[in-house]
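Hello,

Here is the structure I said I would pass on.

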Amino acid sequence: MIQEREELGSKTFGIIITILSVFAFIGAFFIINWLSIADIEYNSQYLTVLLIMIPLWHFGISKTNLTRFYRAKDTAIILIESFLFILTGTGILAIIISLLKLDQVNFYILLVFASVEFILLNLIIILSYRYHKNLLSKGLNTRNIILIADENCVDFIERLFLHKEWGFRIVTIISESEIISEIFSSRVKVIQNTQSLAYLIKSHVVDEVFYCKNDINQAEIKKLVFACEEIGVVFRLQSAFFQMPATKTHLSYYNEVPFLTFINTPANKDAHQWKFVVDIVASFLILLIWSPILLLIVIAIKLTSRGPVIFKQKRVGLRGREFNIYKFRTMVQDAEKLRPLLEAQNEMDGPVFKIKKDPRITAVGKILRKTGLDEVPQFFNVLKGDMSLVGPRPPLPSEVAQYQRWQLRRLSMRPGITCIWQIAPNRNNITFDEWMKLDLQYIDSWSLKIDFMLLIKTIQTVAKGSGQ
């Protein structure tokens, strides 16, 4: 799918959204009073929050894709991006309110504000998209393009004709393929000689040239690029060489020297930044909200068994980096030393060790594992940057030493507290190879949407108490 980005009035758009956010905040105050949810009165603290919110919202919206128009983008993606923006922004605002001790600000205001803002934000963005798409489908703001193609490009050309809302109008197709000529000559001019390109882009209104041939002829491409550069026409190169399985391609520059980069892990920098922000904010809020329960767990562990409350263990993280993972201790002291005596009872294949009824687990430990509360200290690992909320579970160094080469790719992404394996219905009976394949599936298809869905499903899994 084409994801060509156009920053159509993004600064103005950001200002409009910021102004609407101010009205949403003021509106939240009146909505709560009207619904009698809470007895609140306007005071200077609300004005302080409003003045903090304006630059925060304006800065935040400028760092997202929400004010940038894409020629092809699903409504579902817009909804998810706006939800993550509002969740993060409201969370940061709540933290600032707590730090400044603005105790007269009612937190119902923030909840209602976030809801109203979500509706207004999506309304203006979706309506703007529909307006732009309507213009494109009517032939306005279109890009005139010339295609240099072979028979492998038939499907792509068909999609360009089908999706008029993408805003591309094919002026000419240059191709020696009889199949291309047979299929498209009735709809657009088809010629054979690429030498005609220089004349075509000079005598016609042409915005871009698409080169879509499997066999890359470097000498030919140099001439074509030079012809386009002379008069400022955009040249785009596509090839099956860039479509290697599970590999994404982009051009990088090092001191103005270009390198074509192949990467088989997610490379969306904006999405990664949002993932990092959500990780930090969510982890901080979870630890803050759960602090009374964490204190009770600490007391329970201390009173029922000897040893430290927190169990630290060496794990392997991003690309082989080792770090200490934190968990509430659920086993007897020095449980690792007893493991060799239990190796014969291991119920997992591969290098992983797991026993359903491990005799080393304490009474409190059974409850913590059943509810998943033993994992809560890992939110400190997230705050430290060793882990993420969602990602492949960090393995032991001894397990990594036994990995097959293809399994090492699961270390190419920051490890997480939960992942696909964690919420699988048969996770306690899954084979080691299946576990590895699920992690690689997550890496290959990663998006913020998938992370959000996995977090929701993890909460459901924990509620069911299916842990061991």
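This is a predicted model: local features need pLDDT of at least 70, side-chain atom pairs count only at pLDDT 80 or more; totals for chains, interfaces and linings use all residues.

Core. The largest nonpolar core has 75 residues. F25, M53, F85, L121 and Y442 have the most contacts inside it. Helix α4, residues 107-137, gives the most to this core: 11 residues. In general, nonpolar side chains in soluble globular proteins tend to be buried together.

Beyond its neighbours within four places in sequence, F25 is in contact with Y46, V49, L50, M53, I109, L110 and F113.

Helix α2. This helix covers residues 44-62, 19 residues in total. At 1.5 Å a residue it should span 27 Å, and the end C-alpha atoms are 28 Å apart, so the two values agree. Its buried residues are Q45, Y46, V49, L50, M53, W57, G60 and I61. On the spacing in that list: an α-helix has 3.6 residues a turn, so residues three or four places apart point the same way.

Helix α3. T88 sits in this helix, which runs over residues 75-99. T88 counts as buried because its relative accessibility is 4%, under the 20% cut-off. Setting aside residues up to four places away in sequence, T88 touches W274, V277, V278 and V281.

Helix α9. K275 belongs to this helix, residues 269-289. Is K275 buried or exposed? K275 is buried, with a relative accessible area of 8%. Where does its side chain reach? The K275 side chain comes to 3.0 Å from the backbone oxygen of V390. Leaving out neighbours within four places in sequence, K275 is in contact with S388, V390, M413, Y442, W446, L448 and D451. One of these, Y442, is also among the residues with the most contacts inside the largest nonpolar core.

Cysteines. How many disulfides does a search of the whole structure find? The search finds 0. C153 is in no disulfide, and its nearest cysteine sulfur, that of C212, is 3.6 Å away. C153 is buried, since its relative accessibility is 4%. C419 also counts as buried, at 1% relative accessibility.

Best wishes

How values were computed. Residues are numbered from 1 along each chain as its sequence is written. Side-chain values use heavy atoms; hydrogens and water are left out. Helices (H or I, at least four residues) and strands (E, at least two) are DSSP runs, numbered from the N terminus. The expected span of a helix is 1.5 Å times one less than its number of residues. Buried means under 20% relative accessible area, exposed over 50%, partly exposed in between (1.4 Å probe, protein chains only). A nonpolar core is a set of buried Ala, Val, Leu, Ile, Met, Phe, Trp, Tyr and Cys residues joined through side-chain atoms within 4.5 Å. Contact means heavy atoms within 4.5 Å. A disulfide is a pair of cysteine sulfur atoms within 2.5 Å. A polar contact is a pair of N or O atoms within 3.5 Å; within protein, one must be able to donate a hydrogen and the other to accept it, and residues adjacent in sequence count only if both atoms are side-chain atoms.
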